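Please open the model in a viewer and keep the selection tool at hand.

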Amino acid sequence: MRYVTGKSIARRTFLRGAGAAVALPMLDAMVPAFGQAPAPVPRLGFVYVGNGIIHDDWKPATTGRDFTLPPNLLPLAGVREHMNVLTGLSHLEADSRGDGSGDHTRACAAWLTGVHVYDRTRPGVEVRVATSADQLAARQIGSDSPIQSLELTVETPQQGACDSGDCFYVNTVSWRNESTPNMTEIHPRVVFERLFGDGGSSAERLARVRRTGSLLDSVDAEARRLAGKLGGGDRSKINEYLDTVREIERRIQNTEARGEQSLELPERPTSIPETFEAHTQLMLDLQHLAFQTDATRVFSMIYARELSGRSYAQIGVGGNHHGVSHHRDDPTLMALKSRIDTHNLRVFAPFIEKLAATPDGDGSLLDQSLIVYGGGMGNGNLHRHSDIPCLTFGSLGGRIPTGTHLAYEMDTPMCNLLVTMLQQLDVEIELFGDSSGALDLDA
Amino acid sequence: MRPMPGTKPLYAAVLACAAALAGAWLAERYGLFEQNLAAAQSAIGANCLDCHDEIGRSGDLVLDPATLADVGGHAEVWEKVLRKITDRAMPPPDEPRPPEEDYLTVERFLVAELDAVAAARPNAGDLPQLHRLTRTEYRNAIRDLLALEGLPAELDFELLLPADNRSSGFDNIAELLFIAPSNMERYIDTARRISRLAVGDMNTPPLVNRHRMALQLPQDTHLPGLPLGTRGGLLVESFLPLDGEYVIRVEFAGGSHELHELEVLVNGERVAAATVVTGNRGFPRRPPPFQFRLPLPAGPAQFGVTFVERSEAFDESTLRVRRRSRGALPDIELVTISGPFNPTGPGDTPSRARIFTCTPDGELGERACASEVLTALAHRAYRRPVSDIELDEIWPFYETGFAEGGFERGIQYALERILVSPQFLYRVEIDPPGAEPGKAYAIGSFELASRLSFFLWSSIPDDELLELAAAGRLQDPGTLQAQVERMLADPRSTSLVSNFASQWLFLGDIESKDPDLYLFRDYDETLRDAFAIETELFIDSVLRGGGSILELITANHTFVNERLAEHYGLANIEGSHFRRVELPEDSPRAGLLGKGGILTLTSYSTRTSPVLRGKYVLENLLAAPPPPPPRDVPSLVTEQDGAVLTLREALERHREDPACAGCHYEMDAIGFALENFDAVGQWRDRSAGVEVDARSELPDGTPIDGITGLRNHLAQRPDRFARAFSEKLLMYALGRNIQYYDAPAVRAIVRDAANDGYSFASIVEGIVLSVPFRMRNPRDGTAANAAAAVTEANR
């Protein structure tokens, strides 16, 4: 990548002993200095919060534009005019079909795909989901950005015990195709280096990019030879590899085509901040920067993982998120779950505020964006996939009116929202997952 | 008697033999079969069909005794039945118990028939032909290929490569090892950094290796590995890229009015010392950083930074955990090792010795030497002989590097190319051209060498394995056995214990456990680390001890340091190092179920969960996972007639619902036996003011009294535990889920291991010699199609 960033200077400064901060302190002061302002482009974000909600504290009492923010949503008061609250949506494909206890895994897998995933530990069942909506959108709007889509997480991936045994379903919401998930990145340094490289002069970087190009050509040929020897049943694995090689080649071309941009970059973060709040803020700051520099236009993030074992002691919740979500209708536990949900939004709100404050074209970055914040589970105590949480931020370049509580008929497929979003981006699509049509977003 | 269908392979095989065998033998065998079949059919009919007929359909399982005449055609159902019968898990507790004779009749018949079918028509299961290396395997492969170990923190593999997906705990499941653009970029990047480091590229930019002290690591006691008479600090291994200068910088947290002596050691030798002081008035301030520069040679190095202990240090109030004691003593917060600066040469590192087997100005000449070096590297990296085409693919990268910076740069760029080859990143098993669809075949020698090394070492094969494979001798069972013995004795097999055991038992999940800070004030990072070390040392001692794997359940010893001994209430253990202690008779700490780590990771953050613990034991130690709960499972009722129910009462009520009883009976019984351990594994006689009742009753009426009772119960059925252990180890060995068609192989492994006292080595050997390990089903054959059909049918 050829940002003229002074990165190598910053690096030496540190080596002289200046030290490096974990957060990105310069961010607010930065002004992008693009050679020419690119025409505004749409941006999308999908932020996943699992383990359900407490509906009484989440749903506004009245519909339409004049709704009052319910307790959980109070942290969003500053961006109320830029958001919609959607209620009554469901992901019924995540319900059990007598095929296992994976209510959490299915909720997460279905969120952007609308597909019911079967328990893969059973004989003969293989991974078969679907290309997720964020990926369909990324192919439409992100094909000339350096990174087609970015997948982030702020929770350690679940490892051993998940309710159906297949933990990988709760560690991402983004599926490249029906059998390849996009893995999420937790480390801010890795995200930073993917976006902006890891230093060196621009001549060094260019030489590296060229060598990477010839490396890719060479392994591409080798992989094709290998593909010829494989039976049809296994082409998908090698195609995965080839597809990946081509994607990186595309990225290199896009990066070179951009020419030089000058933008002052913050110091490269070095470690994962120790608190949830600091980690999340740093990751969202990086995402903001990625939008601002147009390094990527689509992102997804596991913000509160299904089955999360995270403890929220800092807000007085001793137990872990998943444990508390099984509140057994006990008012004390319900209040704790509600406190977690509010806190998550309190940490999230500054990201939206910052997008709203960042100029882009005639408006703000938020105006060009659609950020969906929600999850595949409604009542976490009973593992219901009905009446799931769904907030949207931004008007996608004026395509979507905002400031409204839209209450839909119960069990309207959330896939209808995804269809509407894709259609607004000129993706030719009529049906997606279990959709029954497009969603009316006019109040 | 029903006529026998003519398509059954066993009898087809038997008939084929008939010409060569005495007719009388066949008649006898045939007659015996008819007799056994009839007996099994009548036992099933009498005891199972009340519920499992077309009308009852209990558990959605319909049994047709007629299909017993062709178990091969209905293996999935009958393997399931066999397991329930072997475990005496059916009929359910409230139904009349069949006579033991009926159990034995059905069990013997099914075992004989299912095993015979499997022997006549081996099914090796479905495994993709490409199996990506896991992050652990990649790291070990780099270690063994390039003699590169203890990479600098900036090149930590946890940062270089993404974590792998897991299924049922295991991270090496072939189907789930994906490649997406984000990790391909990182493979390319990692290849670049690794080859630069291994070769010793003089253009290597300075690395900044930051070692931050864990927040919860106590700084007021001696830490293992550092000199005696020191307190706190940090000890790290770091491979130095070049001969040159390095800067060591120590930053502090907390302050003190007193003087503290800081020591810095490199490879055990003191290289610097400093006095840390922060002024003598007012509130203690954080001391300024201490930094110095020194020349060091390239290669592996060990850095220690610590305080000299002084008794007065304890005049100030010291607390155990830093996050609660910040400010009492000066603590080390961050140690940064940066360099190389002003490099003087690539030095004399193990990696360079491994790579450069010749010199360009030697007898061979530059090009021949390059070819020798690269052929050897590619051979080891691809785990098989390398073709000319493949060498031709690597060569242009050598040329580019040579033109840019000479011989060594050429090797570096070519190595980069090797490390991103799909043949390095994937274990490749291609079906041979003649493979018959639906018919398992024996895999080739080089594939077998890789299966062995990735199973036992989580790494690439060594030269001895590759040579045996090249000589065509590896397939020989005697050679295989000898190799297993050799490989288990090799230090690389520690990965088998650490990697397998931690995944099997979900030990990694302890990291993300966060016991409630207010309820368990004693819990901190040292305790968590001690849990992990204890369990690992314990498992290692049993598996390498040569005794029965059953000792994992029963062994009356453990490993503790002072911190852990205190947690367990064991007296007279001092110091931070771990040592083996023999436990008193019937100690609650005997076996895996007495280990704090396992008890913590099966608890919620605020309380214990008999259900979680019971499920964990059934799933991992007995390989009898409870079926998923039904949809719309009722919530636990926690109050009755205005009175708050105890957890035990609430679960008892829950079990009154027949939909729940079937599974919860056994789960809860096991879980309640462990109730004397709290949510961080500490012993308790009372809980919430009430005496703990750790008695329970199994579905078959066996009473269980606490941890000792549970342990004895598990020890009574060594075959059940051995079966669970073998299934998990086989899953790990193959990198795929274990299915019904693997049951005959597992039975054979357990049977053979029983003759050898259930030793770990005998189970490993059994796996290596098994059908699924030595064979594979062609991927385009019926198995894959059948799998697709099943998936379709599920939709």
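Select chain A and consider its contacts: of those with a separation of 6 or more, 71% join residues 24 or more positions apart. Note that the model is a predicted one. Of the 443 residues in chain A, 53% are buried.

Next, select residues 188–196 of chain A, which form helix α5. Is this helix enclosed or open? Seven of its nine residues are buried, so α5(A) is largely enclosed by the rest of the structure. To display the buried positions, pick Pro188(A), Val190(A), Val191(A), Phe192(A), Arg194(A), Leu195(A) and Phe196(A). Then move to Gly197(A), which follows α5(A) and has a positive phi, near 80 degrees.

Now turn to chain B and select residues 100–120, helix α4, together with residues 743–754, helix α27. How do the two helices cross? Their axes come within 9 Å and cross at roughly 110 degrees. Angles of 65 to 115 degrees count as roughly perpendicular, and α4(B) and α27(B) are therefore placed in that class.

To view the contact itself, show side chains on both helices. On the α4(B) side, select Val111(B), Leu114(B), Asp115(B) and Ala118(B); the residues they meet in α27(B) are Ala743(B), Pro744(B) and Arg747(B). Colouring this contact by residue class gives five nonpolar and two charged residues, with no polar ones.

Key:
Residues are numbered from 1 along each chain as its sequence is written. Chains are lettered from A and ligands numbered from 1 in the order in which they are written. This is a predicted model: local features need pLDDT of at least 70, side-chain atom pairs count only at pLDDT 80 or more; totals for chains, interfaces and linings use all residues. A residue is buried if 20 or more other C-beta atoms lie within 10 Å of its own, exposed if 12 or fewer, and partly exposed in between; C-beta atoms are placed from the backbone. Two residues are in contact if their C-beta atoms, placed from the backbone, lie within 7 Å. Axes are lines fitted to C-alpha atoms, for helices over the stretch in contact, and angles run from 0 to 180 degrees between N-to-C directions. Helices (H or I, at least four residues) and strands (E, at least two) are DSSP runs, numbered from the N terminus. Angles under 35 degrees count as roughly parallel, over 145 as roughly antiparallel, 65 to 115 as roughly perpendicular and the rest as oblique. Ala, Val, Leu, Ile, Met, Phe, Trp, Tyr, Cys and Pro count as nonpolar, Asp, Glu, Lys and Arg as charged, and the others, Gly among them, as polar.
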